[in-house]
Protein chains: 2
Amino acid sequence: MNALFKALNDPTRRKILQMLRDQDLSAGEISDQFDISKPSISHHLDILKRAQLISGEREGQFIRYSINTTVLEEAANWFLEIINQSSDP
Amino acid sequence: MNALFKALNDPTRRKILQMLRDQDLSAGEISDQFDISKPSISHHLDILKRAQLISGEREGQFIRYSINTTVLEEAANWFLEIINQSSDP
DNA sequence: TCGTTATTTAGATAGTTATCTAAATATTTA
DNA sequence: TAAATATTTAGATAACTATCTAAATAACGA
C-alpha cells in the first residue's frame with residue numbers, strides 16, 4: 001500500500017497512468033508529452049513499476065509500457081471499504 | 001487531487017482515517033494510538049483537513065474530528081474511471 | 001483569577017524526492 | 001563492427017516532509 005500511494009502522489013505519474021489507460025506507449029512516447037528530461041521520466045516509470053501499476057516489456061529497441069489495473073482495483077477497494085463502513089452500526 | 005494524494009501518502013494518516021471510519025475522536029484520543037508526539041499528530045490532522053478528508057469541530061476543551069467521505073468517493077471514482085476505461089474501445 | 005488540560009503554532013533538523021547532466025547499456029542498421 | 005537510436009543508471013542538488021522540543025492559545029474548574 002505504501003508503494004502504491006507513493007506512486008500516486010505525483011501529478012506526472014498520475015498523468016502517465018491516464019495516458020496508458022488509453023493505449024500502451026514506449027518510454028519515449030511518454031516522455032514526449034512532458035517538459036521533463038527523459039531520465040526523470042524513466043525514474044517515474046520505475047516508481048510506477050515498483051508499485052506494480054505498470055509493466056514494461058522490451059520490444060526490440062523500445063520498451064512498451066502498459067497499465068496494470070489489478071493494483072488500481074485494490075486501491076479502489078481500500079477507498080470503498082472506508083466509505084462503506086463509515087457511520088455504519 | 002494533489003492535496004488528496006499527498007494526504008494519503010503516509011501510513012499514519014491512513015491509519016487515522018481508518019480510526020475515524022469507526023467513530024469520531026478527539027486529537028488526544030487519536031494521538032494515544034501512536035508513538036508520535038502530539039504536535040506531529042496535529043500536523044497530520046492539518047494535512048488531512050486541508051485535503052478535506054476530515055473536519056474538526058471544537059466541543060469545549062476538545063476538538064472532535066470526523067471523517068468526510070465525499071472526497072474519498074471522488075478518489076474512488078478517479079480509480080474506477082481509469083480501471084473502466086482501460087482497454088475499452 | 002489561577003492552575004490544569006487540550007491542542008496548535010513556531011522553529012529546527014534529518015531524511016526523502018524530483019529534477020538535472022553525464023555516462024552506461026541495449027538494440028538496430030549500414 | 002561502427003554509428004545511431006532508445007532507455008536506464010549514477011551522482012549531484014534544491015525543495016519538501018515528518019519529526020522533535022518549546023512556546024502559544026483555548027477552555028475548563030477550583
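Modeller: We may begin with a definition: helices and strands are DSSP runs, numbered from the N terminus, and a strand (E) needs at least two residues. Please note also that this is a predicted model.

Colleague: In which strand of chain A does A:Glu57 lie?

Modeller: A:Glu57 belongs to strand 2 of chain A, residues 54-59.

Colleague: Is A:Glu57 buried or exposed?

Modeller: A residue is called exposed when its relative accessible area is over 50%. A:Glu57 therefore counts as exposed, because its relative accessibility is 58%.

Colleague: Which residues does A:Glu57 touch, leaving aside those up to four places away in sequence?

Modeller: A:Glu57 touches A:Phe62, A:Ile63 and A:Arg64.

Colleague: How is the length of a helix judged, for example in helix 2 of chain B?

Modeller: One compares the span between the end C-alpha atoms with the value expected at 1.5 Å a residue. Helix 2 of chain B, residues 11-22, has 12 residues and reaches 17 Å, close to the expected 16 Å. At the start of this helix, a side-chain oxygen of B:Asp10 comes to within 2.8 Å of the backbone nitrogen of B:Thr12. B:Thr12 is also one of the buried residues of helix 2 of chain B, which include B:Ile16, B:Leu17 and B:Leu20.

Colleague: Which residues come nearest to DNA strand C?

Modeller: Of the 23 residues around DNA strand C, the nearest are A:Ser37, A:His44, B:Gly28, B:Ser42 and B:Tyr65. Sugar or phosphate supplies 73% of the atoms of DNA strand C within 4 Å of the protein, and bases supply the rest.

Colleague: Which element gives the largest share of the surface near DNA strand C?

Modeller: Helix 4 of chain A does, with five residues.

Colleague: What can be said of the surface near DNA strand D?

Modeller: By class, its residues divide into eight nonpolar, 10 polar and five charged. Helix 4 of chain B gives the most to this surface, with five residues. Polar side-chain atoms of A:Tyr65 and of B:His44 each lie 2.3 Å from a phosphate oxygen of DNA strand D.

Conventions:
Residues are numbered from 1 along each chain as its sequence is written. Chains are lettered from A and ligands numbered from 1 in the order in which they are written. This is a predicted model: local features need pLDDT of at least 70, side-chain atom pairs count only at pLDDT 80 or more; totals for chains, interfaces and linings use all residues. Side-chain values use heavy atoms; hydrogens and water are left out. A residue is near a molecule or strand if one of its heavy atoms lies within 4 Å of it. Helices (H or I, at least four residues) and strands (E, at least two) are DSSP runs, numbered from the N terminus. Buried means under 20% relative accessible area, exposed over 50%, partly exposed in between (1.4 Å probe, protein chains only). Contact means heavy atoms within 4.5 Å. The expected span of a helix is 1.5 Å times one less than its number of residues. A polar contact is a pair of N or O atoms within 3.5 Å; within protein, one must be able to donate a hydrogen and the other to accept it, and residues adjacent in sequence count only if both atoms are side-chain atoms. Ala, Val, Leu, Ile, Met, Phe, Trp, Tyr, Cys and Pro count as nonpolar, Asp, Glu, Lys and Arg as charged, and the others, Gly among them, as polar.
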